[in-house]
Amino acid sequence: MSVYPAVYLVLPPRNHSTPPPPAPPPKPGRDEGEGAVVVERQTQKTEPPRLYQVLLLNDDFTPMEFVVMVLQEFFRHDLDTATQIMLKIHHEGRGVCGVFTKDVAATKVELVLAASRRAGHPLQCIMEAA
């Protein structure tokens, strides 16, 4: 058991006989909010982000089944909608897979291109401003 020596803090005695000095009176012609800044809240008008269409382009080599699979897997279309889009691509040369913000659209384009390259197909996917 260790014993620590006692430490006492000695403070000078308080002098209760003298009151604290009074606050200076306000200067004439100035308000008491000196140095205060009032800023009016401005309503900010933010525009919605620009949207981009992701399109698949027709080619003579990519199987229709692969295009349908891409539409289902990457764009979450059901079988009927994916088949309709695939036929539009086949007949008109291009078709809209979906409309997204710029970052999402660019990511979808890269995913589709990577999947088509892995499968050995020349399927082209692009994005355009909507």
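**Exercise 1: a pair within a helix**

K88 is partly exposed, at a relative accessible area of 40%; the label covers the range between buried (under 20%) and exposed (over 50%), using a 1.4 Å probe and protein chains only. Before going on, note that this is a predicted model, where local features need pLDDT of at least 70, side-chain atom pairs count only at pLDDT 80 or more, and totals for chains, interfaces and linings use all residues. Residues are numbered from 1 along each chain as its sequence is written, and side-chain values use heavy atoms, leaving out hydrogens and water.

Solution: 
- Start with the cut-off: a side-chain nitrogen of Lys or Arg within 4 Å of a carboxyl oxygen of Asp or Glu.
- Now place the pair: K88 and E92 sit four residues apart in helix α2 (residues 79–92), about one turn of the helix. Helices here are DSSP runs (H or I, at least four residues), and strands are E runs of at least two, numbered from the N terminus.
- Finally, check E92: it's exposed, because its relative accessible area is 55%.

**Exercise 2: a pair across the chain**

Task: Where in the chain do the partners of the R94–E128 salt bridge lie?

Solution: 
- The R94 and E128 side chains meet at 2.7 Å, N to O.
- R94 belongs to strand β2 (residues 94–101) and E128 to strand β3 (residues 124–129), so this pair links distant parts of the chain, 34 residues apart.
- R94 is partly exposed at 34% relative accessibility, and E128 is partly exposed at 28%.
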